[in-house]
Amino acid sequence: MIEKLFNKFRRIVDLIENSNIHLGYFIFTFLSIITIRNFLELFSTKIELNTAVVFFHFYIGFISLATLLILTFYILTRESIVKSIKIVLIGFSILPLPPIIDLIATGGRGFAMTYLLPEFHDHIILRFFTFFGHFEERGVSLGIKTEIFIILVLTFLYFLAKKHGVFRSIANAFIVYIIIFGFFAIPFILKGIFLLLGINYDYSVDAWEILSFLFLMMFFCGIIILYLIDKKNFITIAKDARYLRLSYYLGMFFCGIIVAKSTATLPITAQNLFDFLFTAMAITAAWLFSVTTNNIADYHIDKISNKNRPLVRRTIAIEDYKKISTLLLVWAIICSTAVGPDTLFLVILFISSYFIYSMPPIRLKRVIVLSKLIIALNSLVLVLLGFFTITKTIKSFPGILFPTLLIGITILANFIDIKDYEGDRKNNIKTLPTVLGLKLTKIIIGFSFVFFYTILYVLLPYYNLGNFWNFLFIPLGLLQFYFVNQKKYQDSYIIGTCVITVFLFAILNIF
(Lines give C-alpha, C1' and ligand atoms only; values in the text may rest on other atoms or scores of the structure.)
Protein backbone atom coordinates (compact mmCIF):
# COMPACT_ATOMS: atom_id res chain seq x y z
CA MET A 1 0.00 0.00 0.00
CA ILE A 2 2.77 2.42 1.01
CA GLU A 3 4.79 1.47 -2.05
CA LYS A 4 1.77 2.06 -4.28
CA LEU A 5 1.21 5.55 -2.76
CA PHE A 6 4.90 6.38 -3.11
CA ASN A 7 4.90 5.33 -6.79
CA LYS A 8 1.87 7.55 -7.33
CA PHE A 9 3.74 10.43 -5.66
CA ARG A 10 6.71 9.81 -7.97
CA ARG A 11 4.45 9.88 -11.03
CA ILE A 12 2.98 13.22 -9.88
CA VAL A 13 6.50 14.64 -9.50
CA ASP A 14 7.44 13.45 -12.99
CA LEU A 15 4.20 14.88 -14.39
CA ILE A 16 4.90 18.29 -12.89
CA GLU A 17 8.58 18.45 -13.85
CA ASN A 18 8.14 17.17 -17.40
CA SER A 19 4.91 18.96 -18.25
CA ASN A 20 4.75 21.05 -21.43
CA ILE A 21 2.90 23.83 -19.60
CA HIS A 22 4.54 27.20 -20.20
CA LEU A 23 6.73 28.33 -17.31
CA GLY A 24 4.80 31.60 -17.20
CA TYR A 25 1.69 29.73 -16.05
CA PHE A 26 3.62 28.26 -13.11
CA ILE A 27 4.82 31.74 -12.14
CA PHE A 28 1.36 33.30 -12.40
CA THR A 29 -0.15 30.40 -10.42
CA PHE A 30 2.49 30.98 -7.72
CA LEU A 31 1.63 34.70 -7.53
CA SER A 32 -2.08 33.87 -7.42
CA ILE A 33 -1.50 31.54 -4.45
CA ILE A 34 0.38 34.31 -2.63
CA THR A 35 -2.59 36.61 -3.22
CA ILE A 36 -5.00 34.07 -1.72
CA ARG A 37 -2.65 33.66 1.27
CA ASN A 38 -2.60 37.45 1.76
CA PHE A 39 -6.40 37.54 1.72
CA LEU A 40 -6.70 34.80 4.35
CA GLU A 41 -4.11 36.48 6.50
CA LEU A 42 -6.35 39.55 6.69
CA PHE A 43 -8.52 37.56 9.08
CA SER A 44 -5.83 35.58 10.90
CA THR A 45 -3.05 38.14 11.51
CA LYS A 46 -5.55 41.06 11.43
CA ILE A 47 -3.83 43.08 8.68
CA GLU A 48 -5.57 46.13 7.27
CA LEU A 49 -6.33 46.17 3.54
CA ASN A 50 -4.72 49.62 3.15
CA THR A 51 -1.37 48.42 4.51
CA ALA A 52 0.26 48.38 1.08
CA VAL A 53 3.78 48.06 2.49
CA VAL A 54 2.88 44.86 4.33
CA PHE A 55 1.36 43.26 1.24
CA PHE A 56 4.36 44.30 -0.86
CA HIS A 57 6.55 42.81 1.86
CA PHE A 58 4.65 39.51 1.66
CA TYR A 59 5.04 39.21 -2.11
CA ILE A 60 8.76 40.01 -2.04
CA GLY A 61 9.27 37.69 0.93
CA PHE A 62 7.64 34.65 -0.67
CA ILE A 63 9.32 35.31 -4.03
CA SER A 64 12.76 35.61 -2.41
CA LEU A 65 12.20 32.41 -0.43
CA ALA A 66 11.05 30.63 -3.59
CA THR A 67 14.16 31.69 -5.55
CA LEU A 68 16.40 30.49 -2.72
CA LEU A 69 14.62 27.13 -2.57
CA ILE A 70 14.76 26.77 -6.36
CA LEU A 71 18.55 27.15 -6.29
CA THR A 72 18.75 24.73 -3.35
CA PHE A 73 16.74 22.06 -5.14
CA TYR A 74 18.80 22.60 -8.29
CA ILE A 75 22.08 22.17 -6.40
CA LEU A 76 20.85 19.09 -4.55
CA THR A 77 19.34 17.35 -7.59
CA ARG A 78 21.64 18.67 -10.36
CA GLU A 79 18.71 18.42 -12.75
CA SER A 80 17.33 21.09 -15.04
CA ILE A 81 16.74 24.45 -13.33
CA VAL A 82 13.34 24.56 -15.04
CA LYS A 83 12.33 21.35 -13.23
CA SER A 84 13.36 22.89 -9.92
CA ILE A 85 11.32 26.01 -10.69
CA LYS A 86 8.22 23.99 -11.49
CA ILE A 87 8.37 21.71 -8.46
CA VAL A 88 9.13 24.52 -5.98
CA LEU A 89 6.44 26.87 -7.31
CA ILE A 90 3.84 24.10 -7.23
CA GLY A 91 5.03 23.27 -3.71
CA PHE A 92 3.91 26.74 -2.64
CA SER A 93 0.32 25.59 -3.20
CA ILE A 94 0.34 24.79 0.51
CA LEU A 95 0.75 28.50 1.31
CA PRO A 96 -2.93 29.25 2.19
CA LEU A 97 -2.96 26.49 4.85
CA PRO A 98 -1.41 28.32 7.90
CA PRO A 99 -4.07 31.05 8.33
CA ILE A 100 -6.83 28.46 7.91
CA ILE A 101 -5.32 26.25 10.65
CA ASP A 102 -4.78 29.25 12.94
CA LEU A 103 -8.38 30.44 12.49
CA ILE A 104 -9.75 26.96 13.24
CA ALA A 105 -7.45 26.46 16.25
CA THR A 106 -8.41 29.81 17.81
CA GLY A 107 -12.09 29.76 16.97
CA GLY A 108 -11.73 32.56 14.44
CA ARG A 109 -9.42 34.81 16.49
CA GLY A 110 -6.22 33.91 14.59
CA PHE A 111 -2.54 34.25 15.47
CA ALA A 112 -0.10 37.08 14.71
CA MET A 113 2.29 35.43 12.23
CA THR A 114 5.66 37.21 12.17
CA TYR A 115 9.38 36.65 11.89
CA LEU A 116 11.38 35.56 14.91
CA LEU A 117 12.09 38.94 16.50
CA PRO A 118 15.05 39.87 18.72
CA GLU A 119 12.70 41.93 20.94
CA PHE A 120 10.26 39.06 21.52
CA HIS A 121 12.00 35.75 20.90
CA ASP A 122 15.09 34.76 22.84
CA HIS A 123 17.35 31.68 22.64
CA ILE A 124 17.40 31.60 18.83
CA ILE A 125 19.76 28.59 18.74
CA LEU A 126 17.48 26.62 21.06
CA ARG A 127 14.50 27.52 18.87
CA PHE A 128 16.32 26.09 15.87
CA PHE A 129 16.65 22.69 17.52
CA THR A 130 13.13 22.75 19.00
CA PHE A 131 11.28 23.49 15.75
CA PHE A 132 10.92 27.26 16.41
CA GLY A 133 10.17 26.81 20.13
CA HIS A 134 6.93 27.83 21.82
CA PHE A 135 4.63 30.51 20.42
CA GLU A 136 4.53 33.83 22.32
CA GLU A 137 1.72 36.10 21.11
CA ARG A 138 3.47 36.57 17.77
CA GLY A 139 5.95 34.64 15.64
CA VAL A 140 5.82 31.18 14.06
CA SER A 141 2.27 30.06 14.70
CA LEU A 142 0.72 26.60 14.82
CA GLY A 143 -0.39 26.98 11.19
CA ILE A 144 3.11 27.87 10.01
CA LYS A 145 4.66 24.99 11.95
CA THR A 146 2.17 22.58 10.40
CA GLU A 147 2.94 23.99 6.96
CA ILE A 148 6.71 23.65 7.45
CA PHE A 149 6.33 20.08 8.76
CA ILE A 150 4.34 19.11 5.65
CA ILE A 151 6.93 20.81 3.43
CA LEU A 152 9.77 18.86 5.09
CA VAL A 153 7.91 15.56 4.69
CA LEU A 154 7.20 16.30 1.02
CA THR A 155 10.83 17.36 0.54
CA PHE A 156 12.03 14.08 2.03
CA LEU A 157 9.68 12.10 -0.25
CA TYR A 158 10.73 14.21 -3.28
CA PHE A 159 14.41 13.41 -2.85
CA LEU A 160 13.56 9.82 -2.08
CA ALA A 161 11.67 9.73 -5.38
CA LYS A 162 14.87 11.03 -7.00
CA LYS A 163 16.62 7.92 -5.63
CA HIS A 164 18.82 9.85 -3.20
CA GLY A 165 18.53 7.24 -0.47
CA VAL A 166 16.93 7.60 2.97
CA PHE A 167 19.82 9.27 4.83
CA ARG A 168 20.65 11.65 1.99
CA SER A 169 16.97 12.56 1.63
CA ILE A 170 16.80 13.32 5.36
CA ALA A 171 19.93 15.46 5.05
CA ASN A 172 18.42 17.36 2.09
CA ALA A 173 15.19 17.94 4.03
CA PHE A 174 17.31 19.25 6.92
CA ILE A 175 19.02 21.72 4.55
CA VAL A 176 15.59 22.97 3.47
CA TYR A 177 14.67 23.36 7.16
CA ILE A 178 17.82 25.46 7.73
CA ILE A 179 16.84 27.76 4.84
CA ILE A 180 13.25 28.15 6.07
CA PHE A 181 14.38 28.77 9.65
CA GLY A 182 16.92 31.32 8.38
CA PHE A 183 14.12 33.06 6.49
CA PHE A 184 12.09 33.48 9.69
CA ALA A 185 15.23 34.54 11.59
CA ILE A 186 16.13 37.34 9.15
CA PRO A 187 15.76 40.05 11.86
CA PHE A 188 18.43 38.22 13.90
CA ILE A 189 20.66 37.84 10.83
CA LEU A 190 20.35 41.55 9.96
CA LYS A 191 20.99 42.60 13.54
CA GLY A 192 24.19 40.54 13.54
CA ILE A 193 25.37 41.96 10.19
CA PHE A 194 24.72 45.58 11.17
CA LEU A 195 26.31 45.01 14.59
CA LEU A 196 29.51 43.93 12.82
CA LEU A 197 29.31 47.07 10.64
CA GLY A 198 28.76 49.27 13.69
CA ILE A 199 25.28 50.30 12.55
CA ASN A 200 22.32 50.46 14.91
CA TYR A 201 19.37 48.31 13.85
CA ASP A 202 15.90 48.14 15.39
CA TYR A 203 13.14 46.02 13.95
CA SER A 204 9.75 47.58 13.31
CA VAL A 205 6.58 46.02 11.95
CA ASP A 206 6.97 47.67 8.53
CA ALA A 207 10.77 47.39 8.59
CA TRP A 208 12.14 48.58 5.26
CA GLU A 209 15.48 47.02 6.13
CA ILE A 210 14.01 43.50 6.06
CA LEU A 211 12.10 44.25 2.87
CA SER A 212 15.32 45.58 1.31
CA PHE A 213 17.26 42.50 2.40
CA LEU A 214 14.60 40.23 0.87
CA PHE A 215 14.64 42.30 -2.31
CA LEU A 216 18.42 42.01 -2.51
CA MET A 217 18.25 38.24 -1.96
CA MET A 218 15.57 37.94 -4.64
CA PHE A 219 17.75 39.91 -7.06
CA PHE A 220 20.91 37.83 -6.68
CA CYS A 221 19.06 34.50 -6.64
CA GLY A 222 17.05 35.67 -9.66
CA ILE A 223 20.22 36.57 -11.56
CA ILE A 224 21.67 33.10 -10.95
CA ILE A 225 18.40 31.45 -12.02
CA LEU A 226 18.28 33.49 -15.23
CA TYR A 227 21.86 32.46 -15.95
CA LEU A 228 21.01 28.79 -15.42
CA ILE A 229 17.89 29.04 -17.62
CA ASP A 230 19.76 30.49 -20.60
CA LYS A 231 23.54 30.59 -20.12
CA LYS A 232 24.28 31.47 -23.75
CA ASN A 233 22.15 34.62 -23.91
CA PHE A 234 23.14 35.66 -20.38
CA ILE A 235 26.84 35.52 -21.25
CA THR A 236 26.19 37.33 -24.55
CA ILE A 237 24.56 40.26 -22.73
CA ALA A 238 27.24 40.26 -20.02
CA LYS A 239 30.06 40.39 -22.58
CA ASP A 240 28.49 43.40 -24.32
CA ALA A 241 27.88 45.41 -21.11
CA ARG A 242 30.70 47.87 -21.94
CA TYR A 243 31.97 47.88 -18.39
CA LEU A 244 34.27 50.88 -18.76
CA ARG A 245 31.35 53.15 -19.68
CA LEU A 246 29.23 51.60 -16.96
CA SER A 247 32.09 52.25 -14.50
CA TYR A 248 32.16 55.86 -15.66
CA TYR A 249 28.45 56.34 -14.92
CA LEU A 250 28.69 54.57 -11.56
CA GLY A 251 31.66 56.83 -10.87
CA MET A 252 29.54 59.91 -11.62
CA PHE A 253 26.95 58.62 -9.14
CA PHE A 254 29.73 58.12 -6.59
CA CYS A 255 30.99 61.66 -7.29
CA GLY A 256 27.52 62.98 -6.51
CA ILE A 257 27.71 61.30 -3.11
CA ILE A 258 31.10 62.91 -2.49
CA VAL A 259 29.83 66.33 -3.60
CA ALA A 260 27.02 65.95 -1.06
CA LYS A 261 29.68 65.40 1.60
CA SER A 262 30.69 69.07 1.26
CA THR A 263 27.15 70.32 1.97
CA ALA A 264 25.72 67.71 4.36
CA THR A 265 26.70 64.99 6.77
CA LEU A 266 27.12 61.48 5.40
CA PRO A 267 24.78 59.35 7.51
CA ILE A 268 25.52 55.65 7.48
CA THR A 269 22.32 53.80 8.26
CA ALA A 270 21.01 50.37 7.37
CA GLN A 271 18.52 51.78 4.88
CA ASN A 272 21.10 54.12 3.30
CA LEU A 273 23.34 51.16 2.55
CA PHE A 274 20.46 49.40 0.81
CA ASP A 275 19.60 52.63 -1.07
CA PHE A 276 23.16 52.85 -2.42
CA LEU A 277 23.03 49.23 -3.59
CA PHE A 278 19.59 49.50 -5.21
CA THR A 279 20.49 52.76 -6.96
CA ALA A 280 23.68 51.21 -8.35
CA MET A 281 21.64 48.21 -9.53
CA ALA A 282 19.09 50.54 -11.17
CA ILE A 283 21.87 52.47 -12.95
CA THR A 284 23.39 49.20 -14.19
CA ALA A 285 20.05 47.92 -15.51
CA ALA A 286 19.26 51.32 -17.08
CA TRP A 287 22.64 51.35 -18.80
CA LEU A 288 22.24 47.80 -20.12
CA PHE A 289 18.77 48.69 -21.43
CA SER A 290 20.28 51.68 -23.23
CA VAL A 291 23.04 49.48 -24.68
CA THR A 292 20.59 46.88 -26.00
CA THR A 293 18.22 49.42 -27.55
CA ASN A 294 21.14 51.25 -29.13
CA ASN A 295 22.43 47.99 -30.62
CA ILE A 296 19.03 47.34 -32.16
CA ALA A 297 18.90 50.80 -33.74
CA ASP A 298 22.56 50.72 -34.86
CA TYR A 299 22.51 47.29 -36.48
CA HIS A 300 23.44 48.48 -39.98
CA ILE A 301 26.15 50.83 -38.68
CA ASP A 302 27.60 48.12 -36.45
CA LYS A 303 27.90 45.78 -39.44
CA ILE A 304 30.63 48.15 -40.62
CA SER A 305 32.14 49.68 -37.46
CA ASN A 306 31.39 47.22 -34.63
CA LYS A 307 31.38 43.73 -36.08
CA ASN A 308 31.73 42.10 -32.65
CA ARG A 309 28.32 43.28 -31.45
CA PRO A 310 25.99 40.33 -30.59
CA LEU A 311 23.30 41.13 -33.18
CA VAL A 312 25.87 41.49 -35.95
CA ARG A 313 27.57 38.23 -34.99
CA ARG A 314 24.13 36.61 -34.60
CA THR A 315 25.05 35.15 -31.22
CA ILE A 316 21.56 36.00 -30.01
CA ALA A 317 18.18 36.09 -31.75
CA ILE A 318 16.64 39.54 -32.18
CA GLU A 319 13.40 38.36 -30.48
CA ASP A 320 15.33 37.20 -27.40
CA TYR A 321 17.36 40.40 -27.43
CA LYS A 322 14.21 42.54 -27.34
CA LYS A 323 12.75 40.47 -24.48
CA ILE A 324 15.94 40.86 -22.46
CA SER A 325 15.93 44.58 -23.19
CA THR A 326 12.40 44.88 -21.83
CA LEU A 327 13.34 42.83 -18.76
CA LEU A 328 16.26 45.21 -18.08
CA LEU A 329 13.93 48.20 -18.32
CA VAL A 330 11.48 46.62 -15.86
CA TRP A 331 14.31 45.78 -13.49
CA ALA A 332 15.69 49.34 -13.59
CA ILE A 333 12.25 50.67 -12.69
CA ILE A 334 11.77 48.12 -9.88
CA CYS A 335 15.18 48.84 -8.31
CA SER A 336 14.73 52.61 -8.44
CA THR A 337 11.17 52.34 -7.11
CA ALA A 338 12.55 50.40 -4.13
CA VAL A 339 14.57 53.51 -3.22
CA GLY A 340 11.85 56.12 -3.77
CA PRO A 341 9.93 58.22 -6.32
CA ASP A 342 12.72 60.80 -6.74
CA THR A 343 15.26 58.11 -7.58
CA LEU A 344 12.73 56.55 -9.94
CA PHE A 345 12.30 59.87 -11.75
CA LEU A 346 16.05 60.46 -12.19
CA VAL A 347 16.62 56.90 -13.43
CA ILE A 348 13.73 57.26 -15.90
CA LEU A 349 15.26 60.59 -17.00
CA PHE A 350 18.55 58.79 -17.67
CA ILE A 351 16.76 56.09 -19.68
CA SER A 352 14.60 58.61 -21.57
CA SER A 353 17.57 60.76 -22.54
CA TYR A 354 19.44 57.79 -23.97
CA PHE A 355 16.33 56.53 -25.74
CA ILE A 356 15.88 59.87 -27.48
CA TYR A 357 19.62 59.85 -28.22
CA SER A 358 19.73 56.49 -30.01
CA MET A 359 16.25 55.45 -31.07
CA PRO A 360 13.95 56.60 -33.88
CA PRO A 361 12.04 58.71 -34.68
CA ILE A 362 14.14 61.51 -33.09
CA ARG A 363 17.54 59.75 -32.81
CA LEU A 364 19.51 62.77 -31.59
CA LYS A 365 22.84 61.01 -32.13
CA ARG A 366 22.53 62.24 -35.74
CA VAL A 367 22.72 65.87 -34.54
CA ILE A 368 26.28 66.98 -33.83
CA VAL A 369 25.88 69.15 -30.71
CA LEU A 370 22.67 67.80 -29.23
CA SER A 371 23.84 64.18 -29.36
CA LYS A 372 26.73 64.79 -26.96
CA LEU A 373 24.65 67.13 -24.83
CA ILE A 374 22.53 64.07 -23.97
CA ILE A 375 25.63 62.24 -22.69
CA ALA A 376 26.57 65.32 -20.65
CA LEU A 377 23.01 65.55 -19.31
CA ASN A 378 23.06 61.92 -18.20
CA SER A 379 26.41 62.44 -16.48
CA LEU A 380 24.87 65.37 -14.62
CA VAL A 381 21.74 63.33 -13.81
CA LEU A 382 23.83 60.65 -12.09
CA VAL A 383 25.81 63.22 -10.12
CA LEU A 384 22.47 64.70 -9.01
CA LEU A 385 21.25 61.19 -8.16
CA GLY A 386 24.28 60.57 -5.93
CA PHE A 387 23.84 64.00 -4.33
CA PHE A 388 20.15 63.37 -3.69
CA THR A 389 20.81 59.93 -2.19
CA ILE A 390 22.63 61.67 0.68
CA THR A 391 20.87 65.01 1.07
CA LYS A 392 17.34 64.03 -0.11
CA THR A 393 17.24 67.38 -1.94
CA ILE A 394 19.00 69.02 -4.89
CA LYS A 395 18.44 72.62 -3.74
CA SER A 396 21.97 72.90 -2.31
CA PHE A 397 23.66 71.31 -5.34
CA PRO A 398 26.72 73.44 -6.34
CA GLY A 399 25.70 75.60 -9.31
CA ILE A 400 29.20 75.62 -10.78
CA LEU A 401 28.86 71.94 -11.69
CA PHE A 402 25.98 72.56 -14.11
CA PRO A 403 27.98 74.47 -16.77
CA THR A 404 31.18 72.52 -16.01
CA LEU A 405 29.60 69.14 -16.68
CA LEU A 406 27.19 70.14 -19.45
CA ILE A 407 29.68 72.15 -21.51
CA GLY A 408 32.80 70.12 -20.76
CA ILE A 409 31.35 66.67 -21.38
CA THR A 410 29.38 67.86 -24.44
CA ILE A 411 32.70 68.77 -26.06
CA LEU A 412 34.74 65.80 -24.84
CA ALA A 413 32.13 63.14 -25.59
CA ASN A 414 32.67 63.56 -29.33
CA PHE A 415 35.54 61.09 -29.05
CA ILE A 416 33.00 58.21 -29.08
CA ASP A 417 32.28 58.96 -32.77
CA ILE A 418 35.87 58.42 -33.86
CA LYS A 419 35.65 54.60 -33.90
CA ASP A 420 32.32 54.77 -35.78
CA TYR A 421 33.68 57.10 -38.44
CA GLU A 422 33.46 54.68 -41.38
CA GLY A 423 30.01 53.39 -40.48
CA ASP A 424 28.62 56.88 -39.83
CA ARG A 425 30.09 58.23 -43.07
CA LYS A 426 28.56 55.45 -45.19
CA ASN A 427 25.18 55.86 -43.48
CA ASN A 428 25.31 59.67 -43.85
CA ILE A 429 25.17 60.33 -40.10
CA LYS A 430 26.43 63.78 -39.17
CA THR A 431 29.07 63.63 -36.46
CA LEU A 432 32.08 65.83 -35.77
CA PRO A 433 34.47 63.39 -37.56
CA THR A 434 32.22 63.08 -40.65
CA VAL A 435 31.76 66.89 -40.89
CA LEU A 436 35.27 68.17 -40.04
CA GLY A 437 37.27 65.13 -41.03
CA LEU A 438 38.90 62.55 -38.80
CA LYS A 439 42.32 64.17 -38.40
CA LEU A 440 41.08 67.67 -37.51
CA THR A 441 38.47 66.23 -35.14
CA LYS A 442 41.11 64.27 -33.24
CA ILE A 443 43.22 67.40 -32.78
CA ILE A 444 40.22 69.44 -31.55
CA ILE A 445 39.05 66.77 -29.12
CA GLY A 446 42.61 66.14 -27.88
CA PHE A 447 43.17 69.83 -27.05
CA SER A 448 39.71 69.94 -25.44
CA PHE A 449 40.77 67.20 -23.05
CA VAL A 450 43.92 69.09 -22.10
CA PHE A 451 41.92 72.33 -21.60
CA PHE A 452 39.17 70.66 -19.55
CA TYR A 453 41.62 68.84 -17.28
CA THR A 454 43.58 72.08 -16.80
CA ILE A 455 40.57 74.18 -15.70
CA LEU A 456 39.84 71.70 -12.92
CA TYR A 457 41.63 74.27 -10.75
CA VAL A 458 38.25 76.04 -10.67
CA LEU A 459 36.76 73.04 -8.93
CA LEU A 460 39.67 71.83 -6.83
CA PRO A 461 39.86 74.82 -4.43
CA TYR A 462 36.06 74.66 -4.11
CA TYR A 463 36.48 71.27 -2.49
CA ASN A 464 39.53 72.38 -0.48
CA LEU A 465 41.92 70.21 -2.47
CA GLY A 466 44.29 72.97 -3.53
CA ASN A 467 45.93 73.69 -6.89
CA PHE A 468 48.66 71.18 -6.07
CA TRP A 469 46.49 68.45 -7.55
CA ASN A 470 46.70 70.09 -11.00
CA PHE A 471 50.11 68.42 -11.22
CA LEU A 472 48.18 65.16 -11.24
CA PHE A 473 45.24 66.08 -13.47
CA ILE A 474 47.11 67.99 -16.20
CA PRO A 475 49.26 64.95 -17.10
CA LEU A 476 46.05 62.95 -17.37
CA GLY A 477 44.77 65.54 -19.86
CA LEU A 478 47.96 65.22 -21.91
CA LEU A 479 47.62 61.45 -21.77
CA GLN A 480 44.09 61.79 -23.19
CA PHE A 481 45.46 63.93 -26.04
CA TYR A 482 47.89 61.12 -26.87
CA PHE A 483 45.19 58.43 -26.75
CA VAL A 484 42.87 60.44 -29.03
CA ASN A 485 45.54 61.11 -31.64
CA GLN A 486 47.46 57.84 -31.68
CA LYS A 487 47.39 55.98 -35.01
CA LYS A 488 46.04 52.74 -33.55
CA TYR A 489 43.00 54.33 -31.96
CA GLN A 490 41.45 52.57 -28.93
CA ASP A 491 38.56 54.40 -27.29
CA SER A 492 38.80 52.02 -24.31
CA TYR A 493 42.00 53.85 -23.26
CA ILE A 494 40.16 57.18 -23.25
CA ILE A 495 37.16 55.82 -21.36
CA GLY A 496 39.46 54.06 -18.91
CA THR A 497 41.31 57.31 -18.19
CA CYS A 498 37.94 59.08 -17.73
CA VAL A 499 36.96 56.41 -15.19
CA ILE A 500 40.28 56.86 -13.37
CA THR A 501 39.75 60.63 -13.32
CA VAL A 502 36.22 60.37 -11.95
CA PHE A 503 37.15 57.96 -9.15
CA LEU A 504 40.37 59.85 -8.41
CA PHE A 505 38.42 63.09 -8.00
CA ALA A 506 35.96 61.29 -5.68
CA ILE A 507 38.68 59.59 -3.62
CA LEU A 508 40.62 62.81 -3.16
CA ASN A 509 37.50 64.43 -1.79
CA ILE A 510 37.07 61.62 0.75
CA PHE A 511 40.51 62.11 2.20
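# Briefing: a predicted helical chain

His-123 sits in the loop that runs between strand β1 (112–113) and helix α6 (124–129). The model is predicted. The protein chain has 24 helices and two strands. Its 511 residues are 52% buried.

**The whole chain**

- Along the principal axes, the C-alpha atoms of the protein chain fill a box of roughly 85 × 50 × 40 Å.
- Take the contacts in the protein chain between residues at least 6 apart in sequence: 73% of them join residues at least 24 apart.

**Backbone details in the loops**

- His-123 is not a glycine, yet its phi is positive, at about 50°.
- Is His-123 buried or exposed? His-123 has a relative accessible area of 55%, so it counts as exposed, the cut-off being over 50%.
- Phe-131 also has a positive phi without being a glycine, with a value near 55°.
- Phe-131 belongs to the loop between α6 and β2 (138–139).
- The relative accessible area of Phe-131 is 28%, which means that Phe-131 is partly exposed.
- The peptide bond from Pro-360 to Pro-361 is cis, and its omega is near 10°.
- Pro-361 is part of the loop between α17 and α18 (368–391).

**Helix pair α16 and α17**

- Two packed helices are described by the angle between their axes and the distance between the axes.
- Helix α16 covers residues 318–339, and helix α17 covers residues 341–358. Their axes are 7 Å apart, and the packing angle is about 150°.
- Why is α16 called roughly antiparallel to α17? The angle is about 150°, and angles over 145 degrees count as roughly antiparallel, so the label applies.
- On the α16 side, the contact is made by Leu-329, Ala-332, Ile-333, Ser-336, Thr-337 and Val-339. On the α17 side, Thr-343, Leu-344, Val-347 and Ile-351 take part.
- By class, the contact of α16 with α17 has seven nonpolar, three polar and no charged residues.

**Helix pair α1 and α7**

- Helix α1 (residues 2–17) and helix α7 (residues 142–161) have axes that cross at roughly 85°. These axes come within 10 Å.
- Angles of 65 to 115 degrees count as roughly perpendicular, so α1 and α7 get that label.
- From α1, the contact takes in Phe-6, Phe-9, Arg-10, Val-13 and Glu-17. From α7, their partners are Leu-154, Leu-157, Tyr-158, Leu-160 and Ala-161.
- The contact of α1 with α7 divides into eight nonpolar, no polar and two charged residues.

**The largest pocket**

- The volume of the largest pocket is about 1,800 Å³.
- Which residues are closest to the centre of the largest pocket? They are Gly-222, Ile-223, Leu-226, Leu-327 and Trp-331, out of 48 lining residues.
- Several helices give two or more residues to the lining, including α2 (23–44), α3 (52–77), α10 (208–229), α13 (270–297) and α16.
- Helix α10 gives the largest share of this lining, with 11 residues.
- The lining of the largest pocket has 37 nonpolar, eight polar and three charged residues.

**The cavity**

- How many cavities of 30 Å³ or more does the structure hold? The structure holds one.
- The largest cavity has a volume of about 30 Å³.
- Among the residues that line the largest cavity are Leu-116, His-121, Arg-127, Phe-132, Gly-133, Arg-138 and Lys-145.
- By class, the lining of the largest cavity has four nonpolar, four polar and three charged residues.

**A buried aspartate**

- Asp-424 lies in helix α20, which spans residues 421–426.
- The relative accessibility of Asp-424 is 6%, and buried means under 20%, so Asp-424 counts as buried.
- Leaving out residues up to four places away in sequence, Asp-424 touches Ile-301, Asp-417, Ile-429, Thr-431 and Thr-434.
- Asp-424 and Ser-352 are 72 residues apart in sequence. In space, their C-alpha atoms are 23 Å apart.

Conventions: Residues numbered from 1 in each chain as written. Predicted model: local features only at pLDDT ≥ 70, side-chain atom pairs only at ≥ 80, totals over all residues. Heavy atoms only, no water. 1 Å grid on protein atoms, 1.4 Å probe; cavity = no way out; pocket = protein on both sides within 12 Å on 5 of 7 lines; lining within 4 Å. Points joined across faces, edges and corners; volume = space filled by probe spheres on them. Nonpolar A, V, L, I, M, F, W, Y, C, P; charged D, E, K, R; others polar. Axes fitted to C-alpha atoms, helices over the stretch in contact; angles between N-to-C directions. Helix = DSSP H or I, 4+ residues; strand = E, 2+ residues; numbered from the N terminus. Parallel < 35°, antiparallel > 145°, perpendicular 65-115°, else oblique. Contact = heavy atoms within 4.5 Å. Buried < 20%, exposed > 50% of the residue type's maximum accessible area, 1.4 Å probe, protein only.
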